[in-house]
Amino acid sequence: MTVTGGMPFTGDAENPREAAAIRCMTPDDLPPISFAPPAPPDAWPVPDAAACHALWDRYAMPDHIRAHSSMVADMAMALARAAMADGTGREDGADLHLPSVLACALLHDIAKDYTIRFGGNHAQLGGAWTLHETGNPRIAQGVMHHVHWPWQVDVAVPQWLMPLIIIYADKRVKHDRLVKLEERFDDLIERYGRTERIRERIRESHEQAVDIERALSARLGVPLHDAGLRGGQLAANAG
Ligand SMILES: [Fe+2]
């Protein structure tokens, strides 16, 4: 594996903030965590729900983002449970550590309100805050990459499954309601699509979300496009 150096070209971005967003989405920025020495999922501290709620308080998360994060956590946990019970008999289900999935989902937007107020990239800052607060690089990776996955969409890589589940769960939750991908991305275009470049990036993100949906549907054996939640479990054909 060759690691390329230097910054990707971002000279045609409209402003420095957008250039930074482009930079963070290139594969050259960081290696995937699978390059790190193997470690069991519980090798690092994992905050439970109460500890995550305390972090919400510490970082002054507004109520509507708490509600959104709770719904993302419900969806992520249902996906993770389905992945662990997919009947393949493989042990890689064990790489999904449910307490880590819960913490990652609850914390994924920890920096959202701050960056709305003061600027910056909420995924990057959230990843940094999460690493600082938890000391857990896997959970921090999921927070940092919950908007965009800069490597292949491959749910067979055990270390990638959790972040891909977090991305997908987030893309299925509009505010605090479970919706199909189309509705979520229509809303993103409407709220954030101020320029053609931004709209293009949202469309790219939509395409990636569809790829993740396809990959997870195959991995879980559940058609996820219109899957909903019932009693904390995935329910196919929920409309
Ligand atoms: Fe979110």
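Which residues in α4 meet which residues in α7? The views below are of a predicted model, in which local features need pLDDT of at least 70, side-chain atom pairs count only at pLDDT 80 or more, and totals for chains, interfaces and linings use all residues. Residues are numbered from 1 along each chain as its sequence is written.

**View 1. The contact of helix α4 with helix α7.** S100, A103, C104 and L107 in α4 meet R138, I139, G142 and V143 in α7; contact is taken as C-beta atoms, placed from the backbone, within 7 Å. These residues divide into five nonpolar, two polar and one charged. Here Ala, Val, Leu, Ile, Met, Phe, Trp, Tyr, Cys and Pro count as nonpolar, Asp, Glu, Lys and Arg as charged, and the others, Gly among them, as polar. Helices are DSSP runs (H or I, at least four residues), numbered from the N terminus.

**View 2. V143 in helix α7.** V143 counts as buried because it has 31 C-beta neighbours inside 10 Å (buried: 20 or more other C-beta atoms within 10 Å of the residue's own, placed from the backbone). Leaving out residues up to four places away in sequence, V143 touches C104, L107, H108, I110, A123, G126, G127 and T130. V143 and L106 are 37 residues apart in sequence, with their C-alpha atoms 9.4 Å apart in space.

**View 3. The largest nonpolar core.** This core has 47 residues, and those with the most contacts inside it are A76, L79, A105, L164, I165 and A169. A nonpolar core is a set of buried Ala, Val, Leu, Ile, Met, Phe, Trp, Tyr and Cys residues joined through C-beta atoms within 7 Å. Its largest share, eleven residues, comes from α3.

Terms used
Two residues are in contact if their C-beta atoms, placed from the backbone, lie within 7 Å. Helices (H or I, at least four residues) and strands (E, at least two) are DSSP runs, numbered from the N terminus. A residue is buried if 20 or more other C-beta atoms lie within 10 Å of its own, exposed if 12 or fewer, and partly exposed in between; C-beta atoms are placed from the backbone.
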